Amino acid sequence: MNKATIVHPGFYCSIQDLGRLDYRNVGVPQSGAMDMQLAKKTNTILGNSEEAAVLEMILMGVTISFETKTYVSISQNVDGATLNGKTISMDKAIAVEPGDVLKIGHVTHGNFAYVGISGGWKTKPILASRSMFAGITASGKLSKGDTVPYENCFEVVEETRFRESELNQNTLIDVFEGPEFHLLSATHQDQLLSQTLEVSKSWSRMAFKVSTGTPFDLPELRTVPVMPGTVQLTPDGDLLFLMRDAQTTGGYPRVLQLSNDAIDKFSQLRTGVSFNLSLRPINHS
């Protein structure tokens, strides 16, 4: 197997796929790409399957050197990329030769950007996923000097182009009622759903914290199951939007729930960005 070397990891980068879907009952977080729609589009450029592992970057791009020929793709939400110091176009598959060095700029739209590679990054699967999570994999992130396996590729058969217009620009977040939404008074329900909120500085792959500015007097729960997209409400009035690396149980009331698509959209809201919630009906059919 050929290897790419992480010359500079940027702020934080890791290998992610669609996550571990069948192990939450034994306390294993799902993990996976924070913006799965964008990760899938990055794979589509190369003709990869949606499940292929991608390299996820937070806020800053990485610098990578390659051992052998292959093709890579870069999501369009970064401020450019160079190959051996020369600016390259990012809307299509990019051919890299042995010894080439790819340097990617800052993330300009949202928080998370992706690098795909022909056939996907070939780190060792653990519990049916290559997604990095400290405790499940040896580390939760890639560091300088780490190597990442990949397969040779001499041709991209089904090349498609990436359109920048596909990047999500919407700040209206669809939500569903959570299991404890009914514990809120009608006044507090209306307040929560009509208030313009703002992403705080406190966010990670586990959760985003958003303050409502209003304490809530809700009963404490015994530990109950939670999942990516669950929105908990603390007594201080903080909303905790649980994300891909979220724990599997929690004790705060689960007042709202995001869909997978809404998690993608919400994960790309930057600190200080204002957003609103839109309550969607639950389809029981």
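Start with the aromatic rings: there are eight aromatic pairs. Rings of Phe, Tyr and Trp (its six-membered ring) pair if their centres lie within 6.5 Å; planes under 30 degrees apart count as stacked, over 60 as edge-to-face and the rest as tilted. Select Phe241 and Phe275. Their pair is edge-to-face, with 6.0 Å centre to centre and 80° between the planes. Phe241 sits in strand S17 (residues 238-242) and Phe275 in strand S20 (residues 274-279), 34 residues apart. Strands here are DSSP runs (E, at least two residues), numbered from the N terminus.

This is a predicted model: local features need pLDDT of at least 70, side-chain atom pairs count only at pLDDT 80 or more, and totals for chains, interfaces and linings use all residues. Residues are numbered from 1 along each chain as its sequence is written, and side-chain values use heavy atoms, with hydrogens and water left out.

Are Phe241 and Phe275 buried or exposed? Both are buried (under 20% relative accessible area, 1.4 Å probe, protein chains only).

Next, colour by domain. Domain 1 covers 2-150 and domain 2 covers 171-279, with bounds from an automatic or database domain assignment. Their centres, taken over C-alpha atoms, are 28 Å apart. Look between them: 24 residues of domain 1 are in contact with 20 residues of domain 2 (heavy atoms within 4.5 Å).

Terms used
Helix = DSSP H or I, 4+ residues; strand = E, 2+ residues; numbered from the N terminus. Buried < 20%, exposed > 50% of the residue type's maximum accessible area, 1.4 Å probe, protein only.
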